[in-house]
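Please brief me on the charged side chains of this protein. Which ones pair up, and where do they sit?

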Amino acid sequence: MTKIQEYVENILQPKLQGDGGWIEFVSFENGILTVIFRGECSKCLILDRCVAWIESEIKRDLKKDLKVNAIRRKPYFQEV
């Protein structure tokens, strides 16, 4: 598990869960962090602000300059 993945799962995920959202780590390659947003995040109208916040949090805490590729997905039970 990479530092980026640990950060997404242990730091960012709990913060987003507090608002009914969910974030899943997919990959980190060539400076691009790909994540899936579920729950309330999947229908959020200001997801771009959250993406910018994630980029700034990682830059501040992990000293990594990256871009986030956000994928929206419905909750598991709605994908059937």
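This is a predicted model: local features need pLDDT of at least 70, side-chain atom pairs count only at pLDDT 80 or more; totals for chains, interfaces and linings use all residues.

Residues are numbered from 1 along each chain as its sequence is written, and side-chain values use heavy atoms, with hydrogens and water left out.

The structure holds 5 salt bridges. A salt bridge here is a side-chain nitrogen of Lys or Arg within 4 Å of a carboxyl oxygen of Asp or Glu. Helices (H or I, at least four residues) and strands (E, at least two) are DSSP runs, numbered from the N terminus. Buried means under 20% relative accessible area, exposed over 50%, and partly exposed in between (1.4 Å probe, protein chains only).

**Helix to helix: Lys15 and Glu57**
- Lys15 forms a salt bridge with Glu57, and their closest N and O atoms are 4.0 Å apart.
- Lys15 belongs to helix H1 (residues 3–17) and Glu57 to helix H2 (residues 47–62), so this pair ties together parts 42 residues apart in sequence.
- Lys15 is partly exposed, at 44% relative accessibility.
- Glu57 is buried, with a relative accessible area of 8%.

**Strand to strand: Arg38 and Glu24**
- Arg38 forms a salt bridge with Glu24, with 2.7 Å between the closest N and O atoms.
- This pair links distant parts of the chain, 14 residues apart: Arg38 is in strand E2 (residues 32–39) and Glu24 in strand E1 (residues 21–29).
- Both Arg38 and Glu24 are buried.

- Asp61 forms a salt bridge with Arg60, the closest N and O atoms being 2.8 Å apart.
- Asp61 is partly exposed at 35% relative accessibility, and Arg60 is partly exposed at 48%.
- Salt bridges that share partners join Lys15, Glu57, Arg60 and Asp61 into one network.

**Buried without a salt bridge: Glu55**
- Glu55 sits in helix H2.
- Glu55 is buried yet has no salt bridge, and the nearest side chain of opposite charge, Lys67, is 4.4 Å away. For charge, Lys and Arg count as positive and Asp and Glu as negative, while His and the chain ends are not counted.
- A polar atom of the Glu55 side chain lies 2.9 Å from the backbone nitrogen of Val68.
- Leaving out residues up to four places away in sequence, Glu55 touches Leu66, Lys67 and Val68 (contact means heavy atoms within 4.5 Å).

Methods: A polar contact is a pair of N or O atoms within 3.5 Å; within protein, one must be able to donate a hydrogen and the other to accept it, and residues adjacent in sequence count only if both atoms are side-chain atoms.
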